[in-house]
Amino acid sequence: IFGPSKFADGKLDPQAGGVDLNAVTSLGNVWNEFNFDKFVALNPQLLISVMYLKEQMWYVPDTQTEKIDKAAPSVGVRLQDISMPEGIAKFIALAKALGADTETPVIRAAKEEYEKADAALGEAAKKASGLKILLVSAQKDAVYVSNAPKFATSKHYQSKGLDFVTPEAPDESQGGYYQQISWENIGKYPADVIMYDNRGGSLSLG
């Protein structure tokens, strides 16, 4: 694996999902960190990553792309402008293409759990009708106001009825995902609810 998997204190990063970190080899945990020598030593047959920008594999450093491509073929799963169910379907299709059984008891149970949670989200969205939600990621020097339709998760939440604040000037050079503003200007986007990014790169709320 590569990309965020654990925090500085060793706790699991939400982006790692259900991965058992003791059972995998990490090639890097932060942006632009990818141990190429360790990658090659694993005799890789395929590299898989998601793509949020055209022609850019998430957490694969641009400076190493050429030699990584020579070491093993790669598959990029494009997630830009699609909803979460569409993204899940893409991964199911990829897993099937690679010969995986996507109907195991564990997967079926996970699907049922997801569908139950999704239904509960729909009910919660009805109760939250009329509330404005601000989707943000925060760092020490800046706040990123997210553009909900661009992200698979929040695009799906919108389809359930949640109403997100839309940034005035999303950065199109970065795919239109967010607008970067200073902390002094955070008040320009009033909201009833703040949905906060809890990934490793964001400031902790604690």
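**Starting from the inside**

Keep in mind that this is a predicted model. Ten residues make up its largest nonpolar core: L27, F34, F36, F39, L47, M51, M57, V60, I68 and A72. Two elements give two or more residues to this core, namely helix α1 (36–41) and strand β1 (47–51). Apart from this core there's another one, with seven residues, including L134, V136, V143 and Y189.

Now zoom in on A72, one of the ten in the largest core. Skip its neighbours within four places in sequence, and you'll find A72 in contact with F39, P44, Q45 and L46.

Next, find helix α5, which covers residues 152–159. Which of its residues are buried? They're A152, S154 and H156. The cover over these buried residues includes α3, α4, β3 (132–138) and β5 (163–164). Just past the end of α5 sits G161, with a positive phi of about 115°.

Let's finish with some empty space. Rolling a probe the size of a water molecule over the atoms shows where such space is left. The second largest pocket here has a volume of about 470 Å³. Its lining counts 16 residues, and I88, I92, I107, A110 and K111 are the closest to its centre.

Note on methods. Residues numbered from 1 in each chain as written. Predicted model: local features only at pLDDT ≥ 70, side-chain atom pairs only at ≥ 80, totals over all residues. Heavy atoms only, no water. 1 Å grid on protein atoms, 1.4 Å probe; cavity = no way out; pocket = protein on both sides within 12 Å on 5 of 7 lines; lining within 4 Å. Points joined across faces, edges and corners; volume = space filled by probe spheres on them. Core = buried A, V, L, I, M, F, W, Y, C linked by side-chain atoms within 4.5 Å. Buried < 20%, exposed > 50% of the residue type's maximum accessible area, 1.4 Å probe, protein only. Helix = DSSP H or I, 4+ residues; strand = E, 2+ residues; numbered from the N terminus. Contact = heavy atoms within 4.5 Å.
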